[in-house]
Amino acid sequence: MFGFSKKKQGTEIEFHIKGMHCSACSMNIDGTLEDLDGVIEASTSYAKGVARVTYDPTKIQPSQRKEAIEKLEYTVAD
C-alpha cells in the first residue's frame with residue numbers, strides 16, 4: 001500500500017558455475033541454494049554462468065554452498 005520494501009541484509013557473493021544447459025538449470029540451482037539454512041536469496045544467470053547469493057555468514061559456510069551445487073552435478077569455478 002505504501003510502497004515500502006524490506007531490504008534483504010546479508011553478505012553477497014558471486015561465483016561462476018559450469019555445466020548449466022538451460023534456464024531450468026539456473027532455477028534448479030536457485031531453489032537448492034535457497035533451501036539451505038542461512039541463504040537469504042539466490043539468483044543464477046544461465047546466460048552469464050554466474051550465481052549471486054545473499055547469505056548469513058554466521059549460519060552457512062562457503063563449502064556448504066559449493067557442495068549443494070556440486071550434488072546437482074554442476075561445477076563451481078574458482
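Biologist: What covers the buried residues of helix α2?

Modeller: The cover includes β1 (11-18), α1 (23-34), β3 and β4 (75-77). A contact here requires heavy atoms within 4.5 Å. Helices are DSSP runs of H or I with at least four residues, strands are runs of E with at least two, and both are numbered from the N terminus. This is a predicted model, in which local features need pLDDT of at least 70 and side-chain atom pairs count only at pLDDT 80 or more, while totals for chains, interfaces and linings use all residues. Residues are numbered from 1 along each chain as its sequence is written, and side-chain values use heavy atoms, with hydrogens and water left out.

Biologist: Which residues of α2 are buried, and why are they said to line one face of the helix?

Modeller: In α2 (residues 62-71), Arg65, Ala68 and Ile69 are buried. Viewed down the helix axis, the buried residues of α2 fall within an arc of 95°, and therefore they line one face. The arc is taken from the directions that run from the helix axis to the C-beta atoms.

Biologist: Why is Thr54 called buried?

Modeller: The term buried applies under 20% relative accessible area, exposed applies over 50%, and partly exposed lies in between (1.4 Å probe, protein chains only). Thr54 has 9% relative accessibility, so this residue counts as buried. Thr54 belongs to strand β3 (residues 50-55). Leaving aside residues up to four places away in sequence, Thr54 touches several residues, among them Gln9, Val39 and Glu41. The C-alpha atoms of Thr54 and Glu41 are 5.1 Å apart, although 13 residues separate the two in sequence.

Biologist: What makes the pair Glu12 and Arg52 a salt bridge?

Modeller: A salt bridge needs a side-chain nitrogen of Lys or Arg within 4 Å of a carboxyl oxygen of Asp or Glu. For Glu12 and Arg52 the N to O distance is 3.4 Å, and the pair meets in a salt bridge. Glu12 lies in strand β1 and Arg52 in strand β3, so this pair ties together parts that are 40 residues apart in sequence. Arg52 also forms a salt bridge with Glu14, with the closest N and O atoms 2.4 Å apart. At 51% relative accessibility Glu12 counts as exposed, whereas Arg52, at 41%, is partly exposed.

Biologist: How do you know that Cys22 is in no disulfide?

Modeller: A disulfide is a pair of cysteine sulfur atoms within 2.5 Å. By this rule the count comes to zero disulfides. The cysteine sulfur nearest to that of Cys22 belongs to Cys25 and is 3.9 Å away, which is too far for a bond. Cys22 is partly exposed, with a relative accessible area of 32%, while Cys25 is buried at 8%.

Biologist: What is the mean pLDDT of the chain, and where is the pLDDT below 50?

Modeller: The predictor's confidence in each residue, pLDDT, runs from 0 to 100. The chain has a mean pLDDT of 90, and 88% of its residues reach 70 or more. The pLDDT is below 50 over residues 1-6, a stretch with zero contacts in the model beyond near neighbours in sequence. Where pLDDT is low, the predicted coordinates should not be read in detail.
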